[in-house]
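Biologist: Could you walk me through this model, one question at a time?

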Amino acid sequence: MKTYYTPSSYYKGFQNYRDIYINAPRLRFGGVYCMKEKYIRPGVKDLTGFYKPYHVIEFFRYLRFYPDGFVVSYICNKKLKKEKVS
């Protein structure tokens with residue numbers, strides 16, 4: 001398992017610990033991260049070779065992080081309602 005960290009030189013731009021707490025990026029454990037992804041996939045040509053379709057693939061990825069390091073990942077092709085996510 002690889003551990004990622006922020007170098008100490010990053011924090012030198014802040015004036016105090018309050019600024020670090022408010023402005024520095026960090027992982028939140030109280031919610032779900034939602035991401036919409038799209039990519040283009042080529043389709044099958046027709047028999048004459050004149051028509052070459054493509055498909056736009058769209059899916060949603062949901063990530064939930066826990067303080068003990070456990071991560072739940074869920075991928076689906078429909079946007080989930082708010083009450084189903086939590």
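Predicted model: local features only at pLDDT ≥ 70, side-chain atom pairs only at ≥ 80, totals over all residues.

Biologist: What pattern does the protein follow when read along the sequence?

Modeller: Helices (H or I, at least four residues) and strands (E, at least two) are DSSP runs, numbered from the N terminus. By that definition the protein has 2 helices and 3 strands. Read in sequence order, the pattern is α-β-β-β-α.

Biologist: What is the radius of gyration of the protein?

Modeller: The radius is taken over C-alpha atoms, and the globule rule is 2.2 Å times the number of residues to the power 0.38. The C-alpha trace spans about 70 × 35 × 25 Å along its principal axes. For 86 residues the rule gives 12 Å, and the protein is well over that, so it is more spread out than a compact globule, with a radius of gyration of 21 Å.

Biologist: What percentage of the residues is buried?

Modeller: Buried means under 20% relative accessible area, exposed over 50%, and partly exposed in between (1.4 Å probe, protein chains only). Strand 1 gives a local example: of its 10 residues the number buried is 0, so this strand lies largely in the open. Across the 86 residues of the protein, the buried share is 9%.

Biologist: How much of the accessible surface belongs to carbon and sulfur atoms?

Modeller: Accessible areas come from the Shrake-Rupley method with a 1.4 Å probe, and for residues only the protein chains shown count as cover. The accessible surface of the protein comes to about 8200 Å². The part belonging to carbon and sulfur is 57%.

Biologist: How many bridges join strand 2 to strand 3?

Modeller: Two strands pair if DSSP finds at least two bridges between them. Strand 1 (residues 33-42) and strand 2 (residues 54-65) pair in the antiparallel sense over 10 bridges; among the facing residues, Arg-41 stands opposite His-55 and Pro-42 has Tyr-54 as its bridge partner. On the strand 3 side, Arg-61 stands opposite Ile-75 and Leu-63 is partnered with Ser-73. Strand 2 and strand 3 (residues 71-76) also run antiparallel, and the number of bridges joining them is 6.

Biologist: Which residue takes a positive phi in the hairpin of strand 2 and strand 3?

Modeller: This hairpin has 5 residues between its strands. The residue in question sits in the loop between strand 2 and strand 3 and is exposed, with a relative accessible area of 56%. Its phi is near 100 degrees, and the residue is Gly-69.

Biologist: Which residues is Met-35 in contact with, leaving aside its neighbours within four places in sequence?

Modeller: Met-35 belongs to strand 1 and counts as partly exposed, at 38% relative accessibility. Met-35 and Phe-60 are 25 residues apart in sequence, yet their C-alpha atoms are 5.7 Å apart in space. With contact meaning heavy atoms within 4.5 Å, the partners of Met-35 beyond those neighbours are Phe-59, Phe-60 and Arg-61.

Biologist: Is Tyr-17 buried or exposed?

Modeller: Tyr-17 is placed in helix 1 (residues 17-23). From C-alpha to C-alpha, Tyr-17 and Gly-31 are 24 Å apart in space and 14 residues apart in sequence. With a relative accessibility of 74%, Tyr-17 counts as exposed.

Biologist: What distance separates the C-alpha atoms of Pro-7 and Gly-49?

Modeller: Pro-7 lies in the segment before helix 1 and is partly exposed, at 43% relative accessibility. Pro-7 and Gly-49 are 42 residues apart along the chain. Their C-alpha atoms are separated by 54 Å.

Methods. Residues numbered from 1 in each chain as written. Heavy atoms only, no water.
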